[in-house]
Amino acid sequence: MDSQTSDLGRAPSSATKEDLLRIARDLFTTQGYAATSLDSIVAAAHVTKGALYHHFDGKADLFAAVHREVEADAVRRIDAAIEAEPDPWSAARLGMHAYLQIARESAYRRIVIQEGPVMLGLAGVRPDARSTFATVSRLVHGVLTAGEWQLDDELLRTFSRVMFGAINSAGAAVAASADPEQEATRVETSLGLMIAALRQISREHRSLEAAVGELGTSLT
């Protein structure tokens, strides 16, 4: 085997980066960002700080990379939960359920929900900076275009942002609850009712204008 590759066929530099991400993810989850030092990360990875700085600008950059990795893992799992479901409304329910399951897990709860907004700031956690937003947008597009409604892209994006905010708030409520299981059940029931109501409205009204007119709201 080439001396420049590890026993697993990975280049040493790539293997080091993967190890640093894995160890940082574990430490950020169990200890939190503030209590995790670069010294503890490199010691656990058996590398020097120079090796860490070869891949990351510092602890904040490493945290951002871990945050992206945790988000990407969530997207893969949500996509796996909905990929075999052809009905967009059922897919939305399945996606919501998968997300609430993930929100209860320690890594996602600590890194994405609790510390992400603090460490990354508004720019880092705005919807279009989150990989999960693309999944929510796809689900929203699926349900809102399943019938005869003709919606422009701007309205679809706005609705996606509203739903993304609601789902993230729900995830935070689950993560902060003393009884996450019970809170997840309440949240899933609430969001499920919203989806069911929207589906019923879409069945009863051939156009969005007719629906909002009856509800006494406005598109302008």
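Predicted model: local features only at pLDDT ≥ 70, side-chain atom pairs only at ≥ 80, totals over all residues.
A pocket here is an open set of grid points with protein on both sides within 12 Å along at least five of seven lines.

**Stop 1: the largest pocket.** Its volume is about 370 Å³. Select A92, V140, M163, I167 and I195, which lie nearest the centre of the pocket among its 22 lining residues. Next, colour four helices: α5 (88–103), α8 (131–144), α9 (153–176) and α10 (180–204). Each of them supplies at least two residues of the lining. Colouring the lining by class gives 18 nonpolar residues, four polar ones and no charged ones.

**Stop 2: E183.** Stay on helix α10 and select E183, which lies in it. Its relative accessibility is 17%, so E183 counts as buried, the cut-off being under 20%. Now show its surroundings: beyond the neighbours within four places in sequence, E183 is in contact with A173, V174 and S177.

**Stop 3: helix α6.** Select residues 106–114 and pick out A107, Y108, I111, V112 and I113, the buried residues of this helix. Turn the view to look down the axis of α6: the buried residues fall within an arc of 165°, so they line one face of the helix.

**Stop 4: E209.** Move to helix α11 (residues 208–215), where E209 lies. E209 has 48% relative accessibility and therefore counts as partly exposed.

Key: Residues numbered from 1 in each chain as written. Heavy atoms only, no water. 1 Å grid on protein atoms, 1.4 Å probe; cavity = no way out; pocket = protein on both sides within 12 Å on 5 of 7 lines; lining within 4 Å. Points joined across faces, edges and corners; volume = space filled by probe spheres on them. Nonpolar A, V, L, I, M, F, W, Y, C, P; charged D, E, K, R; others polar. Buried < 20%, exposed > 50% of the residue type's maximum accessible area, 1.4 Å probe, protein only. Arc of directions from axis to C-beta. Contact = heavy atoms within 4.5 Å.
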